[in-house]
Amino acid sequence: MANRKASSIVEPTTEYRRVLDDLVRRITSGELAPGEKLPSTVRLAAEYTVSISTIHRVTTTLEDRGLIRGVPGKGRYVRS
């Protein structure tokens with residue numbers, strides 16, 4: 001039982017890192033171009049097979065790092 005608890009604590013962090021690292025790579029490589037709109041939260045969650053809350057954490061980190069910006073009512077865009 002202790003192993004399952006430890007695994008459930010580690011797993012979201014692993015998923016978070018996987019998604020964050022991939023989106024950073026896609027942005028810095030130009031695959032997601034400056035000014036391009038990111039897919040919706042629901043679409044990203046489906047694409048990476050993670051929870052919506054994981055995507056929220058990732059996009060918050062990307063905003064904090066200055067890689068994307070949120071536009072209320074419009075979505076999130078790669079910073080120019």
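Predicted model: local features only at pLDDT ≥ 70, side-chain atom pairs only at ≥ 80, totals over all residues.

Trainee: Okay. Which residues touch the most other members of the largest nonpolar core?

Mentor: Val19, Leu23, Val58 and Leu62 do. That core has 17 residues.

Trainee: And which elements give two or more residues to this core?

Mentor: Three helices do: α1 (2–28), α2 (41–48) and α3 (52–64). The biggest contribution is from α1, with 6 residues.

Trainee: Let's stay with valine 19. Where is it found?

Mentor: Valine 19 is in helix α1.

Trainee: Why does valine 19 count as buried?

Mentor: Because its relative accessibility is 0%, and buried means under 20%.

Trainee: What is valine 19 in contact with, leaving aside neighbours within four places in sequence?

Mentor: Tyr48, Val50, Ile55 and Val58. There is also a C-alpha separation to look at. Valine 19 and threonine 54 are 35 residues apart along the chain, and their C-alpha atoms are separated by 8.5 Å.

Trainee: Switching to threonine 59. Buried or exposed?

Mentor: Threonine 59 counts as buried, because its relative accessibility is 2%. Threonine 59 sits in helix α3.

Trainee: What does threonine 59 touch, not counting residues up to four places away?

Mentor: Ile68 and Arg76.

Trainee: Now rings. How many aromatic pairs does the structure hold?

Mentor: The count is 0. There is a charge over a ring, though: arginine 57 lies over the face of tyrosine 16.

Trainee: At what distance is arginine 57 from the ring centre?

Mentor: 4.4 Å.

Trainee: Zooming out, what pattern does the protein chain follow along the sequence?

Mentor: It reads α-α-α-β-β. That is 3 helices and 2 strands.

Trainee: What share of contacts comes from residues 24 or more positions apart?

Mentor: They account for 60% of the protein chain's contacts with a separation of 6 or more.

Trainee: How much of the protein chain counts as buried?

Mentor: 30% of its 80 residues.

Trainee: Last one: what does the accessible surface come to?

Mentor: About 5,200 Å² for the protein chain. Carbon and sulfur atoms hold 54% of that surface.

Notes: Residues numbered from 1 in each chain as written. Heavy atoms only, no water. Core = buried A, V, L, I, M, F, W, Y, C linked by side-chain atoms within 4.5 Å. Buried < 20%, exposed > 50% of the residue type's maximum accessible area, 1.4 Å probe, protein only. Helix = DSSP H or I, 4+ residues; strand = E, 2+ residues; numbered from the N terminus. Phe/Tyr/Trp six-rings, centres within 6.5 Å; stacked < 30°, edge-to-face > 60°. Lys NZ or Arg CZ within 6 Å of the ring centre and 35° of its normal. Contact = heavy atoms within 4.5 Å. Areas by Shrake-Rupley, 256 points an atom, 1.4 Å probe, with all protein chains shown as cover.
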